[in-house]
Amino acid sequence: MKHAEFSGRLVMLGFGSIGQGVLPLILRHIDIPAERITIVTAETRGEDVAAEYGIRFILQAATRENFADLLSPLLAPGDFLLNLSVDVSSVELMKLCQKLDVLYLDTVVEPWAGGYTDTSLTPSQRSNYALREAAIALRPDFVGGPTSITAHGANPGLVSHFVKQALLNIARDTGAPIATPPPASDRTAWARIASDLGVKVIHIAERDTQVADRPKKPGEFVNTWSVDGFVGEGCQPAELGWGSHEKALPPDGHRHGFGCDAAIYLMRPGASTRVRTWTPLEGPMHGFLITHNESISLADYYTLRDDTGAVTYRPTAHYAYHPCDDAVLSVHELAGKNWEMQPEKRLMTDEISHGMDELGVLLMGHAKGAYWFGSRLTIGEARRAAPHNNATSLQVTAAVLAGVIWAMENPRQGLVESDEIDHARVLEICAPYLGDMVGEYAGWTPLEGRGVLFPEDVDSDDPWQFHNFRVT
């Protein structure tokens, strides 16, 4: 099915696992000839995939010094820049696209090379909070301009649409009076829904069980999606949206002192911070509290304030990620080397023999306790659905496709975050590529089974305190 017809040119910046996976989806669902697509990338990886589809392939790294001169000749008003690169400033690319009158989408707000680990910056300055603040600061200048969608992959991105559908499902199942879902632009109405339902905590709760036919070697970082991307965000400070129900900051928790004030950071890397969470198939588990844009944007989007501007409601929101087992071993080794990257990297693709990615959102504190809603996609389903994808990448590439189509359908929206997009339209486009869409209630809380072998410091009065989720 062709969801959109596009008469302009499409430039893909970066062509790693997500670029290679989304290209066949774009050609399948968007009416655009291959000769109007150009790939610009710093690596030869994927050149054979580009050749398979007859796509122009430019091997050239975009840098702080050359990005405008490199990209401007390839773009004209009405064209589209799809940014799937690393180490290229998303903010600078969005500014260029507004100048050129070009549509834009990325999957993460990316800094220039080294920005994630620049020790000349404070932890706050190298956080996703700071990167998001720099992006949304562009909003006033972009009003009425070409649509620039920031941070729309699986997470961040798709999970924001899962949250809205989960809220509607909980409202339905508890008899809450929601006759018609509000439009995405009415953030206050959505925040009232979450508040009225009693949602205190939102986890992006993910368990990746994909297994390769050969194990990780010593000195090798193995992952089912970008190794550089995972290591970069894993070395950033752990970050989370900070809810209005929380009683006290963690001992190592800090506010940023600028911006929307919807989130805090911990004075430690996300890849060394673990939290308790739950998914339907895995059950209780420990996940890494990896910083992600959606941890901040969700908390901000679902904030209510009184007439004085004081916050009256906000959920705690964060990522709780259990990657594939080889990636867990890779992180353990990386931490043991004081966050110095292993000499070898391997992206698991054809060697995956079995497993799935169980990616969803876990909403807690409402009348029915906890509710997980999301996608369960096996490697077999992913391979049957689309070439050049595994279970993890297809959840991302389907969301990228949906975001690109939404931008083409809504081309003059200026700067837009995932939470502000029509969730029903995105899920409609993504549905064929998400495997089983599942919603399941649970009686689980982070206090379950605690204090059996040893006494533990817990807050038994409110199970939904971050203090109870954190593994110490």
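## Helix packing and selected residues in a predicted model

His388 is located in the loop that joins α12 (379-385) and α13. The model described here is predicted. His388 has a phi near 60 degrees, which is a positive value in a residue other than glycine.

Gln20 belongs to helix α1. Its relative accessibility is 13%, so Gln20 counts as buried. A polar atom of the Gln20 side chain lies 3.1 Å from the backbone oxygen of Phe15.

Helix α1 (residues 17-29) packs on helix α13 (residues 391-409), their axes coming within 9 Å and crossing at roughly 45 degrees. The two helices are therefore oblique to each other. The crossing of α1 and α13 is right-handed. On the α1 side, the contact involves Ile18, Gly21, Val22, Leu25, Ile26 and His29, which meet Ser393, Leu394, Val396, Thr397, Ala398, Val400 and Leu401 of α13. Sorted by class, this contact of α1 with α13 comprises nine nonpolar and four polar residues, with no charged residues.

### Helix α7 and its partners α8 and α14

Helix α7 takes part in two of the helix pairs described here, one with α14 and one with α8. The axes of α7 and α14 come within 9 Å and cross at roughly 110 degrees. That angle makes α7 roughly perpendicular to α14. The crossing of α7 and α14 is left-handed. Leu158, His161, Phe162, Lys164, Gln165 and Leu168 of α7 meet His423, Val426, Leu427 and Cys430 of α14. By class, six nonpolar, three polar and one charged residues form the contact of α7 with α14.

For α7 and α8, the axes come within 10 Å and cross at roughly 45 degrees. These two helices are therefore oblique to each other. The crossing of α7 and α8 is left-handed. Lys164, Leu167, Leu168, Ile170, Ala171 and Thr174 of α7 make the contact with Trp190, Ile193, Ala194 and Leu197 of α8. In this contact of α7 with α8 there are eight nonpolar, one polar and one charged residues.

| Helix pair | Axes come within | Crossing angle |
|---|---|---|
| α1 and α13 | 9 Å | roughly 45 degrees |
| α7 and α14 | 9 Å | roughly 110 degrees |
| α7 and α8 | 10 Å | roughly 45 degrees |

### The surroundings of α8

Within helix α8 (residues 187-197), the buried residues include Ala189, Trp190, Ala191, Ile193, Ala194 and Leu197. The buried residues of α8 pack against both helices and strands: α7 (158-174), α10 (293-301) and α14 (423-430), together with β17 (304-305), β18 (311-313) and β22 (356-366). Gly198 follows α8 and has a positive phi, near 85 degrees.

### Ser295 in α10

One of the helices that the buried residues of α8 pack against is α10, and Ser295 lies in helix α10. Ser295 is buried, as its relative accessible area is 0%. Not counting residues up to four places away in sequence, Ser295 touches Glu239, Leu240, Gly241, Ala317, His318 and Tyr319. Ser295 and Phe67 are 228 residues apart along the chain, and their C-alpha atoms are separated by 30 Å.

### Backbone features in loops

Pro156 is placed in the loop between β8 (148-150) and α7. The peptide bond that leads from Asn155 to Pro156 is cis, with omega near 5 degrees.

Asp101 lies in the loop between α4 (90-100) and β7 (103-106). Although Asp101 is not a glycine, its phi is positive, at about 65 degrees. Asp101 is partly exposed, with a relative accessible area of 27%.

Methods: Residues numbered from 1 in each chain as written. Predicted model: local features only at pLDDT ≥ 70, side-chain atom pairs only at ≥ 80, totals over all residues. Heavy atoms only, no water. Axes fitted to C-alpha atoms, helices over the stretch in contact; angles between N-to-C directions. Helix = DSSP H or I, 4+ residues; strand = E, 2+ residues; numbered from the N terminus. Parallel < 35°, antiparallel > 145°, perpendicular 65-115°, else oblique. Left-handed = near helix turned anticlockwise from the far one by under 90°. Contact = heavy atoms within 4.5 Å. Nonpolar A, V, L, I, M, F, W, Y, C, P; charged D, E, K, R; others polar. Buried < 20%, exposed > 50% of the residue type's maximum accessible area, 1.4 Å probe, protein only. Polar contact = N/O pair within 3.5 Å; in protein donor to acceptor, adjacent residues only side chain to side chain.
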